Amino acid sequence: MRAMILRCLIGASAFLAVGPAQANPIDDCNQSENPEKQIDGCTEFLQLDPFSPYVALAYGRRGEAYMRKGDLARAIADFDQAVAVDGGQARLYVSRGLAYRDKGDLDRAIGDFSKAIELDSKFGEAFINRCVVYEDKGQADLAIADCTAAIAINPKDAVAHNDRGVAREKAGKIEDAIADYTSAIELDAGYRDAYANRAVLYDHKGEKDRAIADYRAALAKNPTPQDRKDLEAALERLGAAP
């Protein structure tokens, strides 16, 4: 029930913008609801206007679509093309870093997030994503530092607080982790993962009533089928109804 940081694929604010004669492939490339349509639209745009100033963006958006389909090889290939065309866009490196993380290539993921930070030192998403990969690698202190940097950039980012909580928990800093999960919940009352994470720590501490309240709160926020099963099992173990 840990948060997966996938917010920084090519952002909603980054759209292709050219003349109306090419509106259909552009519209298809810009939308993200249908990955196949997005891939076809971006491909057609790249064929129609290979010298457009938006070529890097089109490769990036197509890479995003391939990621949603789980085709990481093609996604990375497209992000490679995007970076080759325009190596100055921090967001492209974050997108490729996410693909590398999904592939399990954590060192390359860290390299891309680090490059994004080098290009834009205020890019909080890059810090959060690198924080998560450091967590994956068991480097809790580095993860804490990155999530702390993200919080300094945007103190109201609930995800950064939650993920710093995960890192602090892995470092054995239980009270600090609880404080971070609490901050995440205060910032986003619907944050299911933060409730579940805090519930586990209260449970381990023997604070039964608090654990039950948080398990129930997480259960009420539309968990996945597997998470629902885990939450209900935790409540049953504590002798509480869902």
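**Entry 1: D180**

I began with D180, which is buried, with a relative accessible area of 2%. It counts as buried because the cut-off is under 20% relative accessible area. I am working from a predicted model. I then looked up where D180 sits, and found it in helix α10, residues 174-187.

Which residues does D180 touch, not counting residues up to four places away in sequence? I listed H161, N162, R164, G165 and R168. One of these, R164, I checked again. The side chains of D180 and R164 are joined by a polar contact of 2.9 Å.

**Entry 2: α9 and α11**

Next I turned to a helix pair. I took helix α9, residues 158-170, and helix α11, residues 192-205. Their axes are 10 Å apart, and the packing angle is about 25°. Is the pair roughly parallel or roughly antiparallel? I noted α9 as roughly parallel to α11, because angles under 35 degrees count that way. I also looked up the handedness of the crossing, and α9 and α11 cross in a left-handed way.

I then asked which residues make the contact. From α9 I wrote down N162, V166 and E169. From α11 I wrote down D193, A194, N197 and L201. Sorted by type, the residues of this contact are three nonpolar, two polar and two charged.

**Entry 3: R216**

I moved on to R216, in helix α12, residues 208-219. Is R216 buried or partly exposed? I found it partly exposed, with a relative accessible area of 39%.

I left aside neighbours within four places in sequence and looked for contacts of R216. They are L235, A240, A241 and P242. For A241 I looked up a distance too. The R216 side chain reaches the backbone oxygen of A241 at 2.9 Å.

I also compared R216 with N30. These two are 186 residues apart in sequence. In space they are 39 Å apart, C-alpha to C-alpha.

**Entry 4: The chain as a whole**

Last, I stepped back to the whole chain. How many helices and strands does the protein chain have? I counted 13 helices and zero strands. I looked up the box filled by the C-alpha atoms, and it is roughly 65 × 35 × 30 Å along the principal axes.

The chain has 242 residues, and 50% of them count as buried.

Terms used
Residues numbered from 1 in each chain as written. Predicted model: local features only at pLDDT ≥ 70, side-chain atom pairs only at ≥ 80, totals over all residues. Heavy atoms only, no water. Axes fitted to C-alpha atoms, helices over the stretch in contact; angles between N-to-C directions. Helix = DSSP H or I, 4+ residues; strand = E, 2+ residues; numbered from the N terminus. Parallel < 35°, antiparallel > 145°, perpendicular 65-115°, else oblique. Left-handed = near helix turned anticlockwise from the far one by under 90°. Contact = heavy atoms within 4.5 Å. Nonpolar A, V, L, I, M, F, W, Y, C, P; charged D, E, K, R; others polar. Buried < 20%, exposed > 50% of the residue type's maximum accessible area, 1.4 Å probe, protein only. Polar contact = N/O pair within 3.5 Å; in protein donor to acceptor, adjacent residues only side chain to side chain.
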